Amino acid sequence: MNNEMTYESALKRLEEIVMLLEKNEASLDESIKLFEEGTALAAFCNQKLTDAKQKVTVLNKEENNG
């Protein structure tokens, strides 16, 4: 996965993959590759959200203690 990828670009690509898979036009091999890419993108997005939540939690604690 590209280290330069943003949450927004990963989410956009994930939406594209979902649309491609819903069309049922891809071959089995292509569908598997798309699914694998989608799974990796979903994990990437989940990690980004987790990281953001942790940062907000830290900032809130600092604000409440400061």
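Q: What makes Met5, Ala10, Leu14, Ile17, Leu34, Leu41, Phe44 and Cys45 a nonpolar core?
A: In this predicted model, these eight residues make up the largest nonpolar core. The term applies to buried residues of nonpolar kinds, such as Ala, Leu, Ile, Met, Phe and Cys, that are joined through side-chain atoms within 4.5 Å. The eight residues are therefore grouped as one set under that rule.

Q: Which elements give two or more residues to this core, and which gives the most?
A: Helices α1 and α2 each give two or more residues. The most come from α2, with four residues.

Q: Why are the buried residues of α1 said to line one face of the helix?
A: The buried residues of α1 are Ala10, Leu14 and Ile17. Viewed down the helix axis, they fall within an arc of 60°, so they line one face. An α-helix has 3.6 residues a turn, so residues three or four places apart point the same way.

Q: What do the buried residues of α1 pack against, and what lies on the other side of the helix?
A: The buried residues pack against α2, which comprises residues 28-65. On the other side of α1, Glu8, Lys12, Met19, Glu22 and Lys23 are exposed. For Leu14, the contacts beyond its neighbours within four places in sequence are Gly38, Leu41 and Ala42.

Q: How do you know that the span of α1 is close to the expected value?
A: Helix α1 covers residues 7-23, which is 17 residues, and reaches 25 Å from its first C-alpha to its last. After the helix comes Asn24, whose phi is positive, near 60°.

Q: Why is the pair Arg13 and Glu16 called a salt bridge?
A: The closest N and O atoms of Arg13 and Glu16 are 3.3 Å apart. The cut-off for a side-chain nitrogen of Lys or Arg and a carboxyl oxygen of Asp or Glu is 4 Å, so the pair qualifies. Both residues lie in α1, three residues apart, about one turn of the helix.

Q: What makes Arg13 and Glu37 a pair that ties together separate parts of the chain?
A: Arg13 also forms a salt bridge with Glu37, with the closest N and O atoms 2.9 Å apart. Because Arg13 lies in α1 and Glu37 in α2, the pair ties together parts that are 24 residues apart in sequence. Salt bridges that share partners join Arg13, Glu16 and Glu37 into one network. The count of salt bridges comes to two.

Q: Why are Arg13, Glu16 and Glu37 called partly exposed?
A: Partly exposed covers values between the buried limit, under 20%, and the exposed limit, over 50%. Arg13 has a relative accessibility of 25% and therefore counts as partly exposed. Glu16, at 30%, counts as partly exposed, and Glu37, at 30%, is likewise partly exposed.

Q: Why is Ala40 placed in the partly exposed class?
A: Ala40 lies in helix α2. Its relative accessible area is 33%, so Ala40 is partly exposed. The C-alpha atoms of Ala40 and Leu14 are separated by 9.4 Å, although the two residues are 26 residues apart along the chain.

Notes
Residues numbered from 1 in each chain as written. Predicted model: local features only at pLDDT ≥ 70, side-chain atom pairs only at ≥ 80, totals over all residues. Heavy atoms only, no water. Expected span 1.5 Å × (residues − 1). Buried < 20%, exposed > 50% of the residue type's maximum accessible area, 1.4 Å probe, protein only. Arc of directions from axis to C-beta. Contact = heavy atoms within 4.5 Å.
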